[in-house]
Amino acid sequence: MKSRKQTILVISDFHAPYNHPDAVAFLRACKKKYKPTDVVCIGDETDFHAMSFHDSNPDLPSAGDELKLAIKELKKLYRLFPDCTVVESNHGSMVLRKALAKGFPQVVLKSYNEILEAPRSWKWVPDVTLKTPIGPVYFCHGKVGGAGKLASQYGMSCVQGHFHEKAQITYISTPEKLMFDAHTGCLADDDSLALAYNKVNPKRPILSVLVIVDGVPQIVPMLLAKNGRWMGTV
Ligand SMILES: [Fe+2]
C-alpha cells in the first residue's frame, strides 16, 4: 500500500487579531484540500501592535484588549491545527523582545503557550529544519528578502515569511542537488490600522500560504474579490 504523502502547510504573518477576516476560512479550505501532515507557522502569528516598540494607534484596542482579541482568533487556529511548530519573529515574540530590552531575563516570563492560551502541542522555536524526501527544508521568520539568497547561503531549501509582499519560489541547482528558496506571503488584513506602516510600501501584500508536498513547494494564493473578501476557492 502506498504510504501517505508528506504535506507541510506553511502559514505566515497571520497578525492576530489583525488577520484578514477570511483567513481562517481560507486555512480551513486549505486543510480540507491538502490534508497537511505537518503545520509550520513561520511567525507573526500575533501582531502585538499595542505592545510594539513603535507608537501605537490610539484608535486601536489597548494592549490587554488586543491580546484578548488575538487569543480569540488564535483559538480558531488551535482547533483547526491541533499540532503546530511556530518560529519566533519580530511581532510574535514582542513580549520576549521588550522584556529583554528592559532587562528582564526570559526565566521570569510566561511561556508563549501561557500568554496565548495555546495547547502544549503548539511549540515555539527560534527556527526549524524538517526532512523531506528531496532534502532538508529550513524554516525561519525572515532573514533575507532577495529571491534565492538564503537557500544559496545555507546550502539547503529555505522558507521565509516576514516580507508580506513576497510570495515566490526560486529553484537553485548545483551539481549535487536541487534546492528551493520560498517566501510564503501573509494572511494579515491590509485594511487594518495596525498594518498602516505597509501603506508606504508600493508593493502590496500577497495573501497566500505555502504547501510542500514530498519536498516540492507550491504557493496557494488567497484570491480576493474587488471588495477585498476571499472568493472562496483554493
Ligand atoms: Fe509580518
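**Labels and their grounds**

Author: Glu 117 is partly exposed, since its relative accessible area is 44%, and that label applies between 20% and 50%. The model discussed here is predicted.

Reader: What makes Lys 75 and Glu 117 a salt bridge?

Author: The closest N and O atoms of Lys 75 and Glu 117 are 2.9 Å apart, and a salt bridge requires a side-chain nitrogen of Lys or Arg within 4 Å of a carboxyl oxygen of Asp or Glu. The pair therefore qualifies. Lys 75 belongs to helix 2, whereas Glu 117 is in the loop between helix 4 (112–116) and strand 4 (122–125); the two are 42 residues apart and link distant parts of the chain. Lys 75 is partly exposed, at 32% relative accessible area.

Reader: How many salt bridges does a search of the whole structure find?

Author: The search finds five. Among them is the pair Lys 76 and Glu 73, with an N to O distance of 2.8 Å. Another of them joins Lys 68 and Asp 65 at 3.9 Å, N to O, which is still within the 4 Å limit.

Reader: Why are Lys 68 and Asp 65 said to be separated by about one helical turn?

Author: Lys 68 and Asp 65 are so described because they are three residues apart in helix 2. Lys 76 and Glu 73 are likewise three residues apart in helix 2, and therefore about one helical turn separates them.

Reader: Why is Glu 73 called buried, and what label does Lys 68 receive?

Author: Glu 73 has a relative accessible area of 16%, and buried means under 20%; Glu 73 therefore counts as buried. Lys 68 is exposed because its relative accessible area is 60%, the cut-off being over 50%. Asp 65 is partly exposed, at 38%.

Reader: Which residues coordinate the iron ion, and why is the arrangement called irregular?

Author: The iron ion is coordinated by Asp 13 (OD), His 15 (NE2), Asp 44 (OD) and His 164 (NE2), at 1.9 to 2.2 Å. The angles subtended by the four donor atoms run from 89 to 176°, whereas a tetrahedral label needs all angles between 85 and 135 degrees. Along the chain, the donors follow the spacing D-x1-H-x28-D-x119-H. Asp 13 is in the loop between strand 1 (7–11) and helix 1 (23–34), and Asp 44 is in the loop between strand 2 (38–41) and helix 2 (63–80), so the pair ties together parts that are 31 residues apart in sequence. Asp 13 is buried, at 0% relative accessibility, and Asp 44 is buried, at 1%.

Reader: How do you know that Cys 140 is in no disulfide?

Author: A search of the whole structure finds zero disulfides. For Cys 140, the nearest cysteine sulfur is that of Cys 158, 6.7 Å away, whereas a disulfide requires sulfur atoms within 2.5 Å. Cys 140 is buried, at 2% relative accessibility.

Reader: What makes Ile 134 partly exposed, and which surface patch includes it?

Author: Ile 134 has 49% relative accessibility, and exposed means over 50%; Ile 134 therefore counts as partly exposed. Together with Tyr 171, Leu 178 and Val 216, Ile 134 forms a nonpolar patch on the surface, with about 380 Å² of accessible area together.

How values were computed:
Residues numbered from 1 in each chain as written. Predicted model: local features only at pLDDT ≥ 70, side-chain atom pairs only at ≥ 80, totals over all residues. Heavy atoms only, no water. Patch = residues over 30% accessible without salt bridge, like charges linked within 9 Å, V, L, I, M, F, W, Y side chains within 5 Å. Areas by Shrake-Rupley, 256 points an atom, 1.4 Å probe, with all protein chains shown as cover. Buried < 20%, exposed > 50% of the residue type's maximum accessible area, 1.4 Å probe, protein only. Donors = N, O, S within 2.8 Å, 3.2 Å for Na, K, Ca; no water. Tetrahedral: all angles 85-135°; square planar, octahedral: opposite > 155°, others 65-115°. Helix = DSSP H or I, 4+ residues; strand = E, 2+ residues; numbered from the N terminus.
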